[in-house]
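Biologist: Let's go through this model together. Start wherever you like.

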Amino acid sequence: MLRFGTAGWRGVVGQLVTFHNVRLLLEATLSVLRQRGPVQEVLVSYDTRLLSEKFARETVDLLTHHGVRTVLSERDLPAPCVAAAVRGRRASLGVLFTGSHNAPEYNGVKLFAGNGTALPRDFTEAIEQACDRLAGSTGDFYVPQRHLASTAPLTEDYLSSLHRDIDWDAVKAAGLSVVVDPLYGSAREFLDRILLEHGVQTHVLHTTKDPYFGGYAPDCSPPNLAALRERVRATRAVVGLATDGDADRFGVVSEQCRVVPPNVALALIVHHLLGHRRVRGGVGRTVGTTRLIDRVARAAGCEVVETPVGFGHFGPLLASGALVVAAEESAGLGVAAHLPERDGIYAALLVAELLAVRRLPMGDLVRELFAKFGPLVSRRVQLPLRERTREALARLAARTYTTFAGLPVVREDRRDGLLLELAGDAWVLLRAAGTEPKVRIYAESPSAAQLRGLIRAARQLLQAAEEGGDHV
């Protein structure tokens, strides 16, 4: 069975992600697409992984065999660039082969609707049903119609938006020195190029195409940003900016060579947008994202919309204008005026704009944020997801909670795992990951000591449930 997670379809190459399953998925996608109207142009692209380009070319063969006009990108592209191209060209669909931030052995597909958002859940559910229906009946032989296939850069709309949507006058006037690390991913010659074009002193690393990402998962986690931290130290840059494998997420290293936690970076950007730019409207965040964003939004008189984990929940709301900005805990940010999809490159550029406008070091900006809105510290822990863990999560979700870790429970939410909001602005969330076999524990608290206690209590709760215990 082929099933979509919170960010497309993804799995280990050779196990779940095979040429046969890719063909099945695309056959099912085309079947559903045609049921919903005429199919015009389909854009196809890929990331820097070992088989991504081959999967993309196979997709072109399959779609043209079925009479669909396709455009293949001339090189690997960031996810937000593909989303912008689909919207700009008014294509029927965008297909991007990427494993995003997962380890090198992963790959998968992200699908974009004509408005530049990820395909909505009702669409992907229809694709899943079509996969079940077509399994065993699809062939592996196609006759490509070459006159229906073409190639193009597919970068014009996206690069134009980056030139348009940042205050470059402020950035240039500030004389920033920046280090950029695309982690061997598809942001190569995007983030660094746009900064250099606007006269920003820019140092770069990991800009070669490496399908093994230097032996690490292309994720903006603190261990993976060690080289960026060292380069910031060596160059005395004011900030280090990183993007993940397909550049829909970002990372920030301060002038003190410290990795800024994603939740803090997101709150800073939202504060910049609502404060300096005076953006007004709904602010979205997922259940696992810092409540600092709530404090920032409410201080600006903006409504906060909470969704389950997965940026796909925000796409239609950003496209319709119901939200002006949306954030998810794993360093995902979308701004409606720019693109109704998360964009790590744009988020990184907003950090540069923030530093240029405020003329303060990142460390001072973080301290200022906490002084104004109160401190909140958060953490996410990942554990292996076994079958008994799934059963344990189901048992935990079926219970009712009045206290947790010695604190009264003021709200329970089971839309995405088990969320317990506690007295004193603390909370904990347990859920299965949507893109890999992991169970994740999220927690937030005003103090680091209390945060450690929440994480410890959540792990004990999960362990007891795995062992079949009924106690909390």
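**Helix H1 and its surroundings**

Modeller: The buried residues of H1 pack against E1, H2, E4, E5 and helix H4 (121-134). Contact here means heavy atoms within 4.5 Å. Helices (H or I, at least four residues) and strands (E, at least two) are DSSP runs, numbered from the N terminus.

Biologist: Ground rules, please.

Modeller: This is a predicted model, so local features need pLDDT of at least 70 and side-chain atom pairs count only at pLDDT 80 or more, while totals for chains, interfaces and linings use all residues. Residues are numbered from 1 along each chain as its sequence is written, and side-chain values use heavy atoms, with hydrogens and water left out.

Biologist: How many residues of H1 are buried?

Modeller: Twelve of the 17, so H1 is largely enclosed by the rest of the structure. Buried means under 20% relative accessible area, exposed means over 50%, and partly exposed is in between (1.4 Å probe, protein chains only). Among the buried ones are Arg23, Glu27 and Leu30.

Biologist: What span should H1 have?

Modeller: 24 Å, at 1.5 Å a residue, and its end C-alpha atoms are 24 Å apart, which agrees. The expected span is 1.5 Å times one less than the number of residues. Just after H1, glycine 37 takes a positive phi of about 145 degrees.

Biologist: Which strands pair with E5?

Modeller: Strand E1 (residues 9-12) pairs with E5 in the antiparallel sense over four bridges. Strand E4 (residues 93-97) also runs antiparallel to E5, joined by four bridges. Two strands pair if DSSP finds at least two bridges between them.

Biologist: Switching to aromatics. How many pairs are there?

Modeller: Four, from a search of the whole structure. One is phenylalanine 19 with phenylalanine 55: tilted, 4.7 Å centre to centre, 55 degrees between the planes. Rings of Phe, Tyr and Trp (its six-membered ring) pair if their centres lie within 6.5 Å; planes under 30 degrees apart are stacked, over 60 edge-to-face, and the rest tilted.

Biologist: Where do those two sit?

Modeller: Phenylalanine 19 is in helix H1 (residues 19-35) and phenylalanine 55 in helix H2 (residues 52-65), so the pair ties together parts that are 36 residues apart in sequence. Phenylalanine 19 is partly exposed at 28% relative accessible area. Phenylalanine 55 is buried, at 1%. Phe19, Phe55 and Phe97 form one aromatic cluster.

Biologist: Which arginines sit over rings?

Modeller: Arginine 36 has its charged end over the ring of phenylalanine 123, 4.5 Å from the centre. Arginine 291 lies over the face of tryptophan 427, at 4.1 Å from the ring centre. The test is NZ of Lys or CZ of Arg within 6 Å of the ring centre and within 35 degrees of the ring normal.

Biologist: Next, the five-stranded sheet. What is its strand order?

Modeller: E8-E7-E9-E10-E11, an open sheet with mixed pairing. Strand E8 (201-204) and strand E11 (259-260) stand at the edges with a single partner strand each, so one side of each has no neighbour in the sheet. Helix H12 (residues 344-358) packs on the sheet, touching E9 and strand E10 (250-253), and its direction makes about 170 degrees with that of E9. Axes are lines fitted to C-alpha atoms, for helices over the stretch in contact, with angles from 0 to 180 degrees between N-to-C directions.

Biologist: And how do E7 and E9 pair, parallel or antiparallel?

Modeller: Strand E7 (residues 177-181) and strand E9 (residues 239-243) are parallel, over four bridges. Valine 178 stands opposite valine 239 in E9.
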